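Subject: A structure for you to look at

Hi there,

Here is the structure I promised to pass on. Have a look at it first, and then read my notes below.

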Protein chains: 2
Amino acid sequence: MELHPIVWIIPVAGLAAVAFALYLAWDVLRADTGSAAMQEIAGTILEGAVAFIRRQYRTIGLLALGGAVVIGLVIALVEGRDVADTSIFGPELGFRTAVAFLVGAACSMASGIIGMYISVKSNVRTAAAAQRSLVKAVQMAMRGGAVSGFLVVALSLLGVWAIFALYGGFTHPEQAPFLIVGFGFGASFVALFAQLGGGIYTKAADVGSDLVGKIEAGIPEDDPRNAAVVADLVGDNVGDCAGRGADLFESTAAENIGAMILGVAIFRVADAAGWPHPEAWIFFPLVVRAFGLLATIVAIFFVRGSEDEEPMNMLNRGYWVTTLLSVGGLALVTSTMMNTGSQVGAGGLPVWTWFFFAGLVGLATSVAFVYITQYYTSGSWRPVKEIATASKTGPATNIISGVAVGFETTAVTAITIGIALYLSHWLGEQALPHGGIFGTAVATMGMLMTTAFILAMDTFGPITDNAGGIAEFSHAEGNARQITDRLDAVGNTTKALTKGYAIASASLAAFLLFSAYIDKVNLIQTNRGGELLTSINLADVNVFIAALIGSMLVYFFSSLAIRAVGTAAAAIILEVRRQFREMPGIMDYTQRPDYARVVDITTRAALRQMILPGAVAVGTPIIVGLLLGQAAVAGLLMVGTIAGVLLATVLNNGGGAWDNAKKFIEAGHLIDDDGTVIGKKTTAHAAAVVGDTVGDPFKDTAGPSLHVLVKLLATISLVLAPLFIR
Amino acid sequence: MELHPIVWIIPVAGLAAVAFALYLAWDVLRADTGSAAMQEIAGTILEGAVAFIRRQYRTIGLLALGGAVVIGLVIALVEGRDVADTSIFGPELGFRTAVAFLVGAACSMASGIIGMYISVKSNVRTAAAAQRSLVKAVQMAMRGGAVSGFLVVALSLLGVWAIFALYGGFTHPEQAPFLIVGFGFGASFVALFAQLGGGIYTKAADVGSDLVGKIEAGIPEDDPRNAAVVADLVGDNVGDCAGRGADLFESTAAENIGAMILGVAIFRVADAAGWPHPEAWIFFPLVVRAFGLLATIVAIFFVRGSEDEEPMNMLNRGYWVTTLLSVGGLALVTSTMMNTGSQVGAGGLPVWTWFFFAGLVGLATSVAFVYITQYYTSGSWRPVKEIATASKTGPATNIISGVAVGFETTAVTAITIGIALYLSHWLGEQALPHGGIFGTAVATMGMLMTTAFILAMDTFGPITDNAGGIAEFSHAEGNARQITDRLDAVGNTTKALTKGYAIASASLAAFLLFSAYIDKVNLIQTNRGGELLTSINLADVNVFIAALIGSMLVYFFSSLAIRAVGTAAAAIILEVRRQFREMPGIMDYTQRPDYARVVDITTRAALRQMILPGAVAVGTPIIVGLLLGQAAVAGLLMVGTIAGVLLATVLNNGGGAWDNAKKFIEAGHLIDDDGTVIGKKTTAHAAAVVGDTVGDPFKDTAGPSLHVLVKLLATISLVLAPLFIR
């Protein structure tokens, strides 16, 4: 089959993004690394991070190998048992799926490692830059973050492309998407454990360090006398950078694959109708992504401003450039690839225009989420102010108020997603008969065009957080700490908005992956001569029970993740207390605390604690599928996704708002009735610190792990569908 | 039609229960009312409670009147527009539904008022009894609670019976259930506002009183110098007693009606097959209830024991008697009423035996929930101990641990409900072809046989809580306060277990009401000649969006309810602070605080704050139904119920566990590493108080209101179905 020439933009943009990431990495690495004290602590952080990642990835690698073998065998035995169409079924499928799984797993691990490495390198350079200039510090953190952003998106694009090419996607594009679902599952599988392990590590270290340092010993945050401080700094890198990298890698991969599977349905229509280049409908998602990458490369150069400008504005400017260029790219791709010959859509408009509108809905949704999250988690608006004010009456009202805000955020989230789904579905139906679901796929792709930029902004968060820690730790010159504090507050917002963005894209993608699941089940049933799955009927008792279990799963999983943080934090507290007790010289700086030991204890505790929630997440859909069948799994997937999206929204935004309510008070914005400032060292501040601590495992462990969970539910169901059909 | 004679047990048992409630009320009222100080404070509480209820019920009554007019008009205009079968459709239906709505509303209000009145009267008598004997105090509180329990269940039974008789249920039993859905909606409507208003009142007073008294002024709980103390005591009565009474009244009514609608399907089969007394299948749910009432009357006499016995054991003993008698009643009812002529079920067993087993599943589920909740919220097991231990490291870890426990409780809840649904459905299918859904109906009825006893145990909670307050306030003799404290801890558990029971029955009932909704839509469509609703397809974008909105609704509603508590509490705090400032004599007991003013402020604030969440709850399903149609409403109802059940579980059990973790520490059970007791006035205790305060609006405002919300979603959909069909 002669491919549409535009598809070659996929490897080209992928490689260009890798090259650009290498340029950025070189640009970061050649920058000033600051004082000797800075370099020393940066070296210690790197050491701890590498030690954790090495041990974590050894565990995850082994789990992935075992997973690949099991998946390969199961699919070879189950799906191959009654082969009619050997081109995409048969025992060989087991092998192919296992290989795709391993490639997906490997790419995901690579994204995590590289992102983490560059972010550790950027931390110290950001701290050094902050000694001289706000703008330089912003750019350093943003470029370090962009390395991650580009690599994650480019690797997922190139990986899917390669597997697709290898598995005959250029000759039989209508079959290949079903062959590459293993890639998505491999990516999700690694992402789950990477995000869980990293999330537990980072928050156990953070909570443990705060409790034993700030509260028990009464020394400031990031004080070098606290033996847990280095573990805390390591945590930002392994959790927020490596974990989030793996998370977004799998999102991109899963969403690409889901959209390609939906493209197959239109491919068949196009092929039958004789439209030119029917395969373009399958490649479309990847091409849109490629243009998004190119848009982001340009946008990075627009992250600049003057020294007295609000740093968030610099980032928002880059984001707007990405969005506008994406609109252009989207118009180009839809008009070029969606050639339907003489067929037109509703109102006599060309088919592509309707899909272009659907893509715009996706881009608009992405913008909406960026601003919704800023509203709920930044100190300039009501919610954070409300929490800060509630802190005046103590920790209880701070917590109650934060929970109320967290719960409240679900409303605008759900309504926005609902409108986006409804509109994009409606637009798709205007374009083509039964095109509604592809309309939502195009919207998802539109939304995801800005992923690389969003991810760069996200990684900006932990880099500035770490830079602040390094500045404090190494007694940096000038107003470096003030600058990093400002950047850290911005970083809290960007971290929160990535989560909002990730969760919104997850829910659009879930609808898409869910439809892909039904398509796959029906393909298998056609082959086996079984009954087609035409409806996931909630009134069916098995579907209802599975929906109940799916909703429960997100709570239970979060409970395990949150408790894991507590357990690991307790181990840290005991160790730091022991050091304070047995090494009395620590307090007057005559003795150096044993940082490495705390890093080691945290590593072991986090890795031990990630297993149970991980096993529950992987095991539940499999058990439900085996007991209750293919329709029930779809119910679990669908309702579990809704539940997961909403609970993650609550945890992420609640946590972000608590964090920034504390920062709001620390910045002196909380005013008493008589006009005096209620700042640090007041009971209101102490109450806000409680809220911040509570929010930590919510927003950095359970919340982000839930993103991965909902994608994992989808990819597990897709891959293991043959096992569940009865 | 000649009715099966056993149905006459319905009015007989209903009237017997009313008579027995009157006897218990007389027994309570003739008991010793304690010292003059006790009587004085009891009088003040009664005054405040009556003032609140009067104003609240005036507001609710007006809302209900408006609701009745709107419902009557809508149904008359919409459902009557194309009448084929005038016997159950037509304009008259509007009038009948409106009347049923008002009767339901009135019965619900009556249950609330009477329950509240007797519980206020029991409080002081329990306090007086506690001066002499633990057993006497237990019995007094239990009997006071039982008055509520019997009246609620009996009124709902008699109300449904009366409306059924009036609307021709004795001659056309297959039509009447559709005519009486208005009764359930009226009950839900009142219950929503009663529970919301009462819940906001009680927790605003509790939180406000604690913050301004215990934390700011440093005076003990229930100290008479705190002007908010009386409002707090009033709150227990208006929230926990009146609110819960209305809540369970509507549950019983809605579940009876839902089960009767499902009975219609079997009635048709029975009628066609010529089985004797086909109408028995429709009356069955009410008869089962009637036997449950009789069982509870006997069981009340078994609540007794010795002075050194654990009070919870006395209650558990009564509960077991209820359960065992219910098993006997269930066997009698199923074997008598389920006469299928020569038709037998699977395995050659009589049909009734399979349904009897289904009923047993329901009873077993009820028992399971009683013990599951005790496990999660009583100080004897891991969860509460875990929270108490986490309090050692401060409020943040206390909160994190409580949230983890709350989330965790969803697991066993969902799995138990899932098993109950699966088993009862399976048993129903063994009994009759397509009998699965009636199997779940029988299980629900089995579960609800013990309602009156459970409700008595529930009301036991606020009565003992109040008795403790009165004992403290009036400086009671002997170890009255210690006894009421012990009873109060038991009361926390019984309150929590009622909520567990209510939520489990809500989820079984939801599946039942959901099926009833589909039946009703199809009845209307058959009449109109429209398309039947055969499947609620989650893959339909409208259903998915509605499911998302339904899940969001429970969070948003809870957010509003929780925030309402904060807003009302702030008003209380300002007023108490003003009194401390302007009336300096309060602190040295020379001036009496102005209790009435705080009661008045709380009343107004609570009533103002209940409107918005109430409007959101009523409005959302209507808007979704109008925009997205009949299938979407079913999706909202179903997934909203799942989400509501799980979130309520989290809020109820989390709150109960926090409360008892505090009590665990106060009772001196928390031990330090070196063996010393960590009791009151320690930082761990302060941390536990924070958790308790956070849990208050969770477990007593948002959680219980969610129960009502999920039932309301069901009854709204049932009544307004004709409006949503497109």
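Let me begin with a definition: a patch is made of residues with over 30% relative accessible area and no salt bridge, where like charges are joined within 9 Å and nonpolar side chains (Val, Leu, Ile, Met, Phe, Trp, Tyr) within 5 Å. A salt bridge is a side-chain nitrogen of Lys or Arg within 4 Å of a carboxyl oxygen of Asp or Glu. Accessible areas come from the Shrake-Rupley method with a 1.4 Å probe, and for residues only the protein chains shown count as cover.

Please keep in mind that this is a predicted model, in which local features need pLDDT of at least 70 and side-chain atom pairs count only at pLDDT 80 or more, while totals for chains, interfaces and linings use all residues. Residues are numbered from 1 along each chain as its sequence is written, chains are lettered from A and ligands numbered from 1 in the order in which they are written, and side-chain values use heavy atoms, leaving out hydrogens and water.

On the surface, Tyr23(A), Trp26(A), Val298(A), Phe301(A), Phe302(A) and Leu325(A) form a nonpolar patch with about 540 Å² of accessible area together.

Now for the two chains. Their contact (heavy atoms within 4.5 Å) takes 64 residues from chain A and 64 residues from chain B. In chain B, Phe407(B), Phe544(B) and Tyr555(B) lose the most area to chain A, together 13% of what that side buries; buried area is the accessible area (1.4 Å probe) that two parts lose on being put together, summed over both. Between chain B and chain A the area buried is about 5700 Å², with 82% given by carbon and sulfur atoms. The chains also share four salt bridges. Arg563(B) forms a salt bridge with Glu386(A), with the closest N and O atoms 3.0 Å apart.

Enjoy exploring!
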